[in-house]
Amino acid sequence: QVKLVESGGGLVQAGGSLRLSCAASGGTSNRGWFRQAPGKQRELVAAMTRGGSATYADSVKGRFTISRDGARAVYLQMNSLELEDTAVYYCAAASLGGRVSNVHDYDYWGQGTQVTVSS
């Protein structure tokens with residue numbers, strides 16, 4: 001069992017930046033960041049394979065950057081934040097690959113961290 005611990009959420013004004021971090025207690029394969037706003041489904045924000053290939057949601061391309069430090073740590077740098085980015089952000093990890101954009105292909109989830117963007 002791998003435990004994921006997230007940090008870095010908070011309140012920021014539109015146009016500002018935040019950096020989310022997620023530490024895993026064990027080795028992992030694909031890593032992802034998802035978000036869920038009230039009344040909406042959980043959606044992919046960004047993901048990265050163990051080999052370093054990144055995938056982004058169209059809504060965050062050019063503003064967010066995912067990176068990872070080996071098999072355990074993953075980060076999400078969020079710049080030019082918009083009101084629509086307000087959500088609970090979840091870190092996810094897969095034990096054995098899978099489709100990076102599919103929420104069901106991840107085995108482990110963090111507790112979630114709130115990101116609130118204000119005008």
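The S-S bond of C22 and C91 has a torsion of about -80°, so this disulfide is left-handed. C22 lies in strand β3 (residues 18–24) and C91 in strand β9, so the pair ties together parts that are 69 residues apart in sequence. The model is predicted. The points below cover the disulfide, the aromatic rings, an arginine and the strand pairing.

**The disulfide**
- The structure holds 1 disulfide.
- The sulfur atoms of C22 and C91 are 2.0 Å apart.
- C22 has a relative accessible area of 2%. The limit for buried is under 20%, so C22 is buried.
- C91 is buried too. Its relative accessibility is 0%.

**The aromatic rings**
- The count comes to 3 aromatic pairs.
- One of them is F34 with Y106, whose ring centres are 5.3 Å apart. The planes of F34 and Y106 stand at 80°. An angle over 60 degrees counts as edge-to-face, so that is the class of this pair.
- F34 and Y106 are 72 residues apart, and their pair links distant parts of the chain. F34 sits in strand β4 (residues 31–36). Y106 sits in the loop between β9 (87–93) and β10 (108–109).
- F34 is buried, at a relative accessible area of 1%. Y106 is buried as well, at 6%.
- Ring pairs join F34, Y106 and W109 into a cluster.

**An arginine over two rings**
- R42 has its charged end over the ring of Y90, 3.7 Å from the centre of that ring.
- R42 also lies over the face of W109. Here the distance to the ring centre is 4.9 Å.

- Strand β11 spans residues 113–118. T113, V115 and V117 make up its covered face. Q114, T116 and S118 make up the uncovered one.
- Strand β2 (residues 10–13) pairs with β11 in the parallel sense, over 4 bridges.
- β9 pairs with β11 in the antiparallel sense, over 3 bridges.
- V115 is the bridge partner of G10. V115 is also the bridge partner of A87. V115 is on the covered face of β11.

Technical notes:
Residues numbered from 1 in each chain as written. Predicted model: local features only at pLDDT ≥ 70, side-chain atom pairs only at ≥ 80, totals over all residues. Heavy atoms only, no water. Phe/Tyr/Trp six-rings, centres within 6.5 Å; stacked < 30°, edge-to-face > 60°. Helix = DSSP H or I, 4+ residues; strand = E, 2+ residues; numbered from the N terminus. Buried < 20%, exposed > 50% of the residue type's maximum accessible area, 1.4 Å probe, protein only. Lys NZ or Arg CZ within 6 Å of the ring centre and 35° of its normal. Pairing = 2+ DSSP bridges. Disulfide = S-S within 2.5 Å.
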